[in-house]
Amino acid sequence: MPNITEESAHSVTVEEPADTVFDLVADVDQHRRIFPTVLHTVRTEEDGNTDRLQRWSWVRPLDSIRSWSARRELDRPAGRITLGHENPTGPLAKVSGEWAFVPVAENTTRIELRHAYTFDGSAGGADTVRMLDRGAEEQLAHLKHFVEAKDDIDELEVSYEAQLVIDEPIGDIYDYFYDADRWNERIPHCLSASAKEEAPNLQVVVMDVQVPSGALHTTKQARVCVPGEKIIWRQLEGLPPLDDMLYGYMLFEQTPEGVLVRTGQTELLKRNGVAKRGWTVAEAKEHVAEVRGGRNLDSLKSAQDYLRRAHA
């Protein structure tokens with residue numbers, strides 16, 4: 001069956017200067033803030049105006065995690081970022097794309113996103129291209145929302161971290177948190193959990209938890225796991241009532257005193273949810289950092305206690 005190439009183009013207009021929008025897309029550290037399905041993006045190479053990215057995303061229609069790598073050419077004076085995916089998986093044979101940031105007024109920019117997809121011509125290939133094309137359109141919508149709501153987002157985001165040094169083998173500590181199917185035996189507020197892992201170390205975890213009020217709550221997380229090093233996660237469903245977005249990390253570092261485990265998360269609060277509770281934004285941030293940060297520390301202590309008993 002001969003390969004087929006299809007091209008697509010989408011655009012939106014935003015009330016921000018072109019350079020500002022260019023910088024947001026160029027900065028990989030912003031991707032998780034902008035795009036709700038992005039789990040993790042790292043720059044693996046950088047040479048002047050060229051770099052190489054690896055990204056992990058949750059694919060909503062498939063309820064699975066996919067990873068891809070791409071090389072980018074960043075041309076800030078021209079307002080263009082071009083990218084070519086490396087080794088795309090079947091039915092795709094080649095994927096390339098381009099962001100263009102076109103000034104249309106002093107503080108107004110038209111963002112254009114174009115792709116070219118080469119695939120095997122099968123029905124499955126056509127379905128994959130349609131899914132990716134819908135995803136590109138959603139990306140633009142999320143970017144527009146982020147750009148135009150950035151001041152609010154900056155005010156309503158809260159990040160916090162808990163840490164603990166655990167004097168146990170780093171592999172055992174990592175496994176304690178990696179083995180989601182055993183969380184109900186290990187983590188005090190977890191009632192049940194199950195992990196789906198279609199590719200090694202890429203997990204979708206569904207968990208039933210008991211919140212401080214005593215109510216039961218079901219959540220879904222997507223996780224990128226690097227054995228003995230880190231777990232990066234994003235909550236997909238069952239967000240806390242106060243949140244519009246929730247994601248975080250666990251980092252494991254061997255030190256002379258033991259393993260330093262750091263667990264942190266970022267929440268995007270709902271302004272109307274804050275107001276309903278009669279709080280200021282500062283009070284809401286303090287509350288979630290204290291309550292949920294405390295719960296994170298409790299989880300670290302549960303790992304310490306469990307492993308001490310197991311190794312006694």
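Asp 127 is partly exposed in this predicted model, with a relative accessible area of 43%. Its partner is Arg 130: the two side chains meet in a salt bridge, at 2.3 Å from N to O. Arg 130 is also partly exposed, at 46%. Both residues sit in helix H3, three residues apart, so about one helical turn separates them.

Asp 154 and Arg 33 meet through their side chains in a salt bridge of 2.8 Å, N to O. Asp 154 is partly exposed, with a relative accessible area of 36%. Arg 33 has 14% relative accessibility, and therefore counts as buried, the cut-off being under 20%.

What are the accessibilities in the pair of Asp 51 and Arg 43? Asp 51 is buried, with a relative accessible area of 3%. Arg 43 is partly exposed, at 33%. The closest N and O atoms of this salt bridge are 3.0 Å apart.

How many salt bridges does the structure hold? The total is 27. Some join into a network. Asp 63, Arg 66, Lys 196, Glu 198, Lys 220 and Glu 237 are linked in this way by salt bridges.

Now turn to the empty space. Rolling a probe the size of a water molecule over the atoms shows where such space is left. The largest pocket has a volume of about 1,200 Å³. Its lining counts 43 residues, and those closest to the centre are Ser 57, Val 59, Trp 68, His 85 and Leu 132. Helix H3 returns here. It gives nine residues, the largest share of the lining of the largest pocket. Five strands also supply at least two residues each: S3 (50–59), S4 (64–75), S5 (80–86), S6 (92–105) and S7 (108–119). By class, the lining of the largest pocket has 22 nonpolar, 14 polar and seven charged residues.

The second largest pocket has a volume of about 900 Å³. Of the 34 residues that line it, His 189, Gln 235, Gln 265, Arg 292 and Arg 295 are the closest to its centre. Which elements give two or more residues to the lining of the second largest pocket? They are strand S10 (202–210), strand S11 (216–226), strand S12 (230–237), strand S13, strand S14 (258–269) and helix H7 (281–311). Helix H7 gives the largest share, eight residues. The lining of the second largest pocket divides into 18 nonpolar, twelve polar and four charged residues.

Strand S13 deserves a look of its own. The strand spans residues 243–255 and holds Leu 246. Is Leu 246 buried or exposed? Leu 246 counts as buried because its relative accessibility is 5%, and buried means under 20%. Leaving aside neighbours within four places in sequence, Leu 246 is in contact with Trp 233, Arg 234, Gln 235, Leu 239, Pro 240, Gln 265, Thr 266 and Glu 267. Two of these names, Gln 235 and Gln 265, are also among the residues closest to the centre of the second largest pocket. Leu 268 is 22 residues from Leu 246 in sequence, yet the C-alpha atoms of the two are 6.6 Å apart in space.

Methods: Residues numbered from 1 in each chain as written. Predicted model: local features only at pLDDT ≥ 70, side-chain atom pairs only at ≥ 80, totals over all residues. Heavy atoms only, no water. Helix = DSSP H or I, 4+ residues; strand = E, 2+ residues; numbered from the N terminus. Buried < 20%, exposed > 50% of the residue type's maximum accessible area, 1.4 Å probe, protein only. Contact = heavy atoms within 4.5 Å. Salt bridge = Lys/Arg side-chain N within 4 Å of Asp/Glu carboxyl O. 1 Å grid on protein atoms, 1.4 Å probe; cavity = no way out; pocket = protein on both sides within 12 Å on 5 of 7 lines; lining within 4 Å. Points joined across faces, edges and corners; volume = space filled by probe spheres on them. Nonpolar A, V, L, I, M, F, W, Y, C, P; charged D, E, K, R; others polar.
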